[in-house]
Amino acid sequence: MSVAQKPTSRDQVLEQAFGAPVTELYAQAVSPAAYAALQRALELRSFLALAEEQVARVRERVHDATAADRDMGELSADDLRMDAAWLEAALAGREGYAVALDDLLRTMPPVSEHSPRPAQFTQPKITATAPAPASVRAGAAPARRP
């Protein structure tokens, strides 16, 4: 399953912000006319999907290890400590990506203000002209003649 197909905890917020389902947003993001906020939001969403998958894997591993029908002799405090450390890291990553995505969505301009294509900047034209001769009245010294 690709990252675009994995559900995340922020999919509904993304869909509301950009006005389309996540799968359509990924299709829009590859267009040359896609705006940066959409591309950044989907990049953060992809990271979030991976982090949430890691949280789910560790959670399932801990649930399996501590299941009521498991033999208590199979429990390993070292394994559980390692899983706790891994879970803490995965949760911190998940939280970081979720906060970054929420911040991006909160600070980006409304979708209605996005232009349908990237902004085109005009290049300033450089023109070379000779400087005007200085006037004697302007305090310039008169030119010497041979």
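**View 1. Surroundings of Lys6 in the predicted model.** Leaving out residues up to four places away in sequence, Lys6 touches Met1, Asp11, Arg45, Ala49, Leu50 and Glu53, where contact means heavy atoms within 4.5 Å. The structure is a predicted model, in which local features need pLDDT of at least 70 and side-chain atom pairs count only at pLDDT 80 or more, while totals for chains, interfaces and linings use all residues. Residues are numbered from 1 along each chain as its sequence is written, and side-chain values use heavy atoms, with hydrogens and water left out. Lys6 lies in the segment before α1; helices (H or I, at least four residues) and strands (E, at least two) are DSSP runs numbered from the N terminus. Lys6 counts as buried because its relative accessibility is 16%, the classes being buried under 20% relative accessible area, exposed over 50% and partly exposed in between (1.4 Å probe, protein chains only). A polar contact of 2.5 Å joins the side chains of Lys6 and Glu53; the term denotes a pair of N or O atoms within 3.5 Å, where within protein one must be able to donate a hydrogen and the other to accept it, and residues adjacent in sequence count only if both atoms are side-chain atoms.

**View 2. Salt bridge between Arg57 and Glu53.** The side chains of Arg57 and Glu53 meet in a salt bridge at 2.8 Å, N to O, the criterion being a side-chain nitrogen of Lys or Arg within 4 Å of a carboxyl oxygen of Asp or Glu. Arg57 and Glu53 are four residues apart in helix α3 and therefore separated by about one helical turn. Arg57 is partly exposed at 47% relative accessible area, and Glu53 counts as partly exposed at 23%.

View 3. Asp83 pairs with Arg61 in a salt bridge whose closest N and O atoms are 2.8 Å apart. This pair links distant parts of the chain, with Asp83 in helix α4 and Arg61 in helix α3, 22 residues apart. Asp83 is buried at a relative accessible area of 8%, whereas Arg61 is partly exposed at 38%. Salt bridges with shared partners join Lys6, Glu53 and Arg57 into one network. Glu52 forms a salt bridge with Arg94, with 3.3 Å between the closest N and O atoms. Here too the partners lie in distant parts of the chain, Glu52 in helix α3 and Arg94 in helix α4, 42 residues apart. Glu52 is buried, with a relative accessible area of 16%. The whole structure contains 11 salt bridges.

**View 4. Buried face of helix α2.** The buried residues of α2 (residues 22–29) are Val22, Leu25, Tyr26 and Ala29. Seen down the axis of α2, these residues fall within an arc of 100 degrees, so they line one face of the helix; the arc is that of the directions from the helix axis to the C-beta atoms. Their cover includes α1 (11–18) and α3 (36–65).

**View 5. Nonpolar core and Phe18.** The largest nonpolar core has 19 residues, of which Leu14, Phe18, Leu25, Leu38, Ala41, Leu101 and Leu105 touch the most other members. Such a core is a set of buried Ala, Val, Leu, Ile, Met, Phe, Trp, Tyr and Cys residues joined through side-chain atoms within 4.5 Å. Helices α1, α2, α3 and α4 (77–107) each supply at least two residues of this core, and α3 gives the most, with six. Apart from neighbours within four places in sequence, Phe18 is in contact with residues including Leu25, Leu38, Ala41 and Leu105.
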